[in-house]
Amino acid sequence: MLITCPECQILVSDKAVMCPHCGYPFKPDKISPRKSTRKKRLPNGFGQIAFIKGNLRKPYRAMITVAKNENGRPICKLLQPEAYFATYNEAYEALMRNNKGVNVQSKITMNELFDLWKEYHLKNLDNPRSFSTYKAAWAHATSLHKLLVINVHVREIADCLESIDASANTISALKMTLNMMFDYAVSHELTDKNYAKMYTLPGIVTKETAKESDLHSAFTDQELKLIRENINTGIARLIYIQCFTGFRPSELLGIKTKDIDLFNDVIVGGMKTEYGRNRTVPIHSEIKPIIGALVSLANNKKSPYLISKSNGKPISYESYREHFISTLSKIEGISDHVPHDPRKTFITRAKYYGVDEYAIKRIVGHSIKDITEKTYTQRDNEWLKTEIEKIKRP
């Protein structure tokens, strides 16, 4: 049956609660909000609430998710400090308080984090094949693979790194992998801290626990032989150049082809201090063929830098450090080293072979305090070249 709406005068059904044209209410006395009996649902990964028969006083049990099994199903443990509640809503509120401030997306496993970071990291690598080092290192971290990111702290990382059966280089590579994974997780709000950086490998000295001179160790002659024999592995030739020039990593990466004189066998480069900037470094005969090959490669890429990416752009120190560790991990018989160790190697070997003390300081860019040598003694490139050639091939 149709009736006329008193507001808009249009015919509508007498069973309508309100006019579909103007919204005028017909039967306000019969309109009653329907009370929902549905329970609030927890976000995925936040935990579980179960009704336990027989527990009459507090029948609702709350559990938090700590990991996932091989089938992707959650592994749970009782909520602490209290896990049983009188009502479902009390259990729900307790779980929500436990997860307060936690991004739902952080309810992912470390394996899933590795995949996310891998996709991100590969975009910034000049040579994706170098990622194999991190992939191989991650394969050893089986105790972390299924744990949720938010449940991995310093203790879990320490247990993993201290228990795996692998070489020192592999463990070091895994530590670096975890550092970068957690940096990614923090930047994407998947966790609150980089717990990997808060852990120091046993026997590894840091700037906070030692003098700067204790942080570096020179390559032995046997290690230099191994680098020479594997000169085409990773960036082995760049490490070899450092060991015969004393350049800091950042100085080596900043050298431009226009600063290299292959006719007179000199490189003009350097930074950091007034004594280190724009200093003249003679090219040792041992590395001249390598320098020449790099100059040709740079010219072919039309890059102004001696060392650059495939697109001709400069390489960052962070990228160089990654390649440095990756390269050494592939050469068996070489102990742990950092990118500044080749500089210490050059100075150590120069002193061993009797290179003049002032020649060493001029080459590596250290200050000369002796007024006579600094101000009144004129040294030419030939003298520096003669001195540096005293260093023998390993």
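I take buried to mean under 20% relative accessible area, exposed over 50%, and partly exposed in between (1.4 Å probe, protein chains only).

**Entry 1: the model.** I note that this is a predicted model, in which local features need pLDDT of at least 70, side-chain atom pairs count only at pLDDT 80 or more, and totals for chains, interfaces and linings use all residues. Residues are numbered from 1 along each chain as its sequence is written, and side-chain values use heavy atoms, with hydrogens and water left out.

**Entry 2: the whole chain.** I found 15 helices and nine strands in the chain; helices (H or I, at least four residues) and strands (E, at least two) are DSSP runs, numbered from the N terminus. Of the 394 residues, 41% are buried. I then looked up contacts, meaning heavy atoms within 4.5 Å. Among contacts between residues at least 6 apart in sequence, 58% join residues at least 24 apart.

**Entry 3: cysteines.** I searched the whole structure for disulfides, each a pair of cysteine sulfur atoms within 2.5 Å, and the search gave zero. Cys-76 counts as partly exposed because its relative accessibility is 21%. Cys-243 has a relative accessible area of 2% and is therefore buried.

**Entry 4: Thr-345.** I located Thr-345 in helix 12 (residues 341-352). Its relative accessibility is 1%, so Thr-345 counts as buried. Leaving aside residues up to four places away in sequence, Thr-345 touches Ala-218, Phe-219, Leu-224 and Cys-243.

**Entry 5: helix 8 and helix 11.** Two packed helices are described by the angle between their axes and the distance between the axes. Axes are lines fitted to C-alpha atoms, for helices over the stretch in contact, and angles run from 0 to 180 degrees between N-to-C directions. I read an angle of about 100 degrees and an axis separation of 9 Å for helix 8 (residues 236-245) and helix 11 (residues 317-329). Helix 8 is therefore roughly perpendicular to helix 11 (65 to 115 degrees; under 35 is roughly parallel, over 145 roughly antiparallel, the rest oblique). Helix 8 contributes Ala-236, Leu-238, Ile-239 and Gln-242 to the contact, and helix 11 contributes Tyr-320, Phe-324, Thr-327 and Leu-328.

Entry 6: Two strands pair if DSSP finds at least two bridges between them. I found strand 7 (residues 260-261) and strand 8 (residues 266-269) paired in the antiparallel sense over two bridges, with Val-266 as the bridge partner of Asp-261. Four residues separate these strands in a hairpin, and Asp-265 in the turn has a positive phi of about 60 degrees. Strand 8 also pairs with strand 9 (residues 279-282), in the antiparallel sense over four bridges. There, Gly-269 stands opposite Arg-279 of strand 9.
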